[in-house]
Amino acid sequence: MKYIRKIGLLIVLFTGIWVITCSCNAKKNLDNIENIIYNTKNNVAAERKNKISVTGLLKTTAKERTAKVGVQLEGRSVGGLDEKKIEEVVKEYASKIDTPPTDAKLNATTWLVEAEGKPGKKVNVKETVKKVLNAREGEKIALVVEEVQPAITSKHLIDNITLISYFSTPILDWNESRLNNIRLAIEKIDYKKLKPEEEFSFNAVVGRRSEDRGYEMAPVIIKAENGEYKKGFDFGGGVCQLSSTLYNAVEKCGLKITERHIHTKDIGYIPRGSDATVSYGEADFKFINNRKHPLMLRAFMQGGQIRVEIFENTIQ
């Protein structure tokens, strides 16, 4: 019994010692963890501080970048200048060199190119500054000058003026008075412009064919007293060949015809039924530009023929 009691006391004693030892170790471990956390925080703060310092140093270094000794720009010494000063020098040159491009232009009457487009010049400030800063000691640098193309070139204009229709008829009667009348009418029609939905009237454009306006007596088809039609003479004879040629060019490209009359007799220079007779105050030839863009008429005598051309201008 006595022996058993001693063993029990020993167990209690050792258990107490073990508990005390564990408590001491736990406290020690806790202290170690706190030290680790503290040191980690200090290290992180130090790294941030170092990073900020390095970034600031890099920024400062970039701002303070200068051209090397003896570097010249267009013969002007820029060695030792910082980036900002170099940029000012380049911009000074640019103010004297930069020129805007010139657009090509059409003649308002003929729709032909009357002024060729010309490229402009522009100094590339950024690239020039970069070249100066990267130059070796004593190196001579030229400005980076770029060519600026015009927004509207001659090719752009030419490509947008399109021949959409034409028609020709042979001159069979070379009576000089007749040819004179045709020339006078051609002068009124040639280069005539029509906006979208605008109506063309032959009589309104050409006007009255009268002696005081230069027209001469020439062969025409007239209505006799008995009501029959026969050949005769009148001022403006011959202009029907122009109106008939115009009609066929208009019909060929699908423009909307609003008035047209045919001759009562065969006229020779075009198949019967394919003509368009005109008589001021009586018979007119009219059509509408039913396309989306402006049109221009060209009319002329060439190679023994009367020719009419129709152009469309799609330039926006």
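**Ground rules.** Residues are numbered from 1 along each chain as its sequence is written, and side-chain values use heavy atoms, without hydrogens and water. Because the model is predicted, local features need pLDDT of at least 70 and side-chain atom pairs count only at pLDDT 80 or more, while totals for chains, interfaces and linings use all residues.

**Core.** I looked up the largest nonpolar core, which has 35 residues. Such a core is a set of buried Ala, Val, Leu, Ile, Met, Phe, Trp, Tyr and Cys residues joined through side-chain atoms within 4.5 Å; buried means under 20% relative accessible area, with a 1.4 Å probe and protein chains only. Among the members that touch the most others are Phe200, Phe285 and Phe287.

**Rings.** I searched the whole structure for aromatic pairs and found 3. Rings of Phe, Tyr and Trp (its six-membered ring) pair if their centres lie within 6.5 Å; planes under 30 degrees apart are stacked, over 60 edge-to-face, and the rest tilted. Phe285 and Phe287 make a tilted pair, 5.7 Å between centres and 35 degrees between planes. Both Phe285 and Phe287 are buried. Ring pairs also bring Phe200 and Tyr247 into a cluster with them.

**Glutamate 312.** Is Glu312 buried or exposed? I noted a relative accessible area of 8%, so Glu312 is buried. Its side chain has a polar contact of 3.0 Å with that of Arg291 (a pair of N or O atoms within 3.5 Å; within protein, one must be able to donate a hydrogen and the other to accept it, and residues adjacent in sequence count only if both atoms are side-chain atoms).

Conventions: Buried means under 20% relative accessible area, exposed over 50%, partly exposed in between (1.4 Å probe, protein chains only).
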